[in-house]
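This report describes selected side-chain contacts and a surface patch. Please consult the sequence and structure shown below while reading.

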Amino acid sequence: MTWTTWTEWAATEAAGLRTAGRWRTIRTLDGRGPAFTLDGRPVVSFASNDYLGLSQHPAVVADAHQALERYGTGAGSARLIVGGRPVHAELEDDLAAWKGQQRALLFPTGFAANLGVLSVLGGPDVTICSDELNHASIIDGCRLSRATVEIYRHRDLDHLAVLLARATRALVVTDTVFSMDGDVADLDLLAELCAAHGAMLVLDEAHAVLGPEAPASSEMVRVGTLSKTLGALGGFVAGPAALIELILNRARPFIFTTASTPADTAAARTALGVLRSPEGEVLVARLRAHVARVRAGHPSPIVPVVLGEEQRALDAAEALLEVGLLVPAIRPPTVPAGTSRLRITLSAAHTDADIDRLLAGLNTLGAFDALDA
Ligand SMILES: Cc1ncc(COP(=O)(O)O)c(C=O)c1O
């Protein structure tokens, strides 16, 4: 391919993506979700990770407003430079208590949290063992760490045991709920295996609204996000104080970036309060009931409908959109070739009628075989 300028290079690359059917664009949805308008037409979104609808909760919105009034918009700089607001430290205390850990540290996003944690705990003398379906932020964190990276087959703890037996200083990292398949890691067995090999365990609990529960371990840190179940924006890591304080001092994605806005931080703090209250239990039960209607026995609110070829997934998503249901088609490189899928994410904010419509739409598509798979 010949090109002479960067603009020509970009055009050539873009043409390649278009030819491969992998060109992506951003939709603009208006409204508060999950009921939006798209190009003036009503749609119900089954695409968001706002699992409990807390981004719309009146108390969450009110406390974000209050923080905005009190502190203004931006945090100004990194917390080690300009200091935080009280709400940053308060949320860290609440997150540590929620996760049963000594300390927590906020990052601007969950993505940044994984980069920061893995780059501090990894290093040239460390072997990181990472599940093959871990999130992109874990993959990039592994790369950044300069550790030796060993990929184990998805949820295959026998394979992991072989890799651990070969390592001298090891760290195991896994999503607890896998973001494109909605299946879960066996955390008890993982913790046992790590303990047997003296390995650090790093859990990414970004999607863990329905579990699984992490076992207690002093050689473990728990990464999470404020951007999904808590309906705001930001990430965090919680764990033993010694580890968290070292991460605070060394993690470049914490040190060299502006802190989360006070409004987002306050929103997440109030959302966490709701989650841990009886009202939160009701919301979680409601979400569980929706999941059971769509796929009985499924452990998470992410329900994939694997259809195979990219075009099949794109056509299915388009057909659902025609009837006002936004269910994204997920395709390579996000998932392996031949496993393109619809990715349904459910929320307690969906009404029973929304779920009726989703089931009817999938039925019309004949997607139920894949759904039961
Ligand atoms: C498993 C997992 N970890 C981390 C992240 C990143 O979280 P955030 O959106 O807060 O950056 C995501 C987001 O999609 C995720 O699915």
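## Salt bridges and a surface patch

Asp181 and Arg341 join their side chains in a salt bridge at 3.2 Å, N to O; the term denotes a side-chain nitrogen of Lys or Arg within 4 Å of a carboxyl oxygen of Asp or Glu. Because Asp181 lies in the loop between β7 and α8 (187-197) and Arg341 in strand β14 (residues 340-345), the pair ties together parts that are 160 residues apart in sequence. Asp181 is partly exposed, at 23% relative accessible area, whereas Arg341 is buried at 3%. Buried means under 20% relative accessible area, exposed over 50%, and partly exposed in between (1.4 Å probe, protein chains only).

The model is predicted: local features need pLDDT of at least 70 and side-chain atom pairs 80 or more, while totals for chains, interfaces and linings use all residues. Residues are numbered from 1 along each chain as its sequence is written, and side-chain values use heavy atoms, without hydrogens and water.

The whole structure contains 15 salt bridges, including those in the table.

| Salt bridge | N to O distance |
|---|---|
| Asp181 and Arg341 | 3.2 Å |
| Arg169 and Asp125 | 3.8 Å |
| Arg143 and Asp140 | 3.1 Å |

Arg143 and Asp140 are 3 residues apart in helix α6 (residues 136-145), about one helical turn. Arg143 is exposed at 61% relative accessibility, and Asp140 is partly exposed at 30%.

Trp3, Trp6 and Trp9 make a nonpolar surface patch of about 380 Å². Such a patch joins nonpolar side chains (Val, Leu, Ile, Met, Phe, Trp, Tyr) within 5 Å, from residues with over 30% relative accessible area and no salt bridge. Trp3 is partly exposed, at 36% relative accessibility.

Methods. Patches are made of residues with over 30% relative accessible area and no salt bridge: like charges are joined within 9 Å, nonpolar side chains (Val, Leu, Ile, Met, Phe, Trp, Tyr) within 5 Å. Accessible areas come from the Shrake-Rupley method with a 1.4 Å probe; for residues, only the protein chains shown count as cover. Helices (H or I, at least four residues) and strands (E, at least two) are DSSP runs, numbered from the N terminus.
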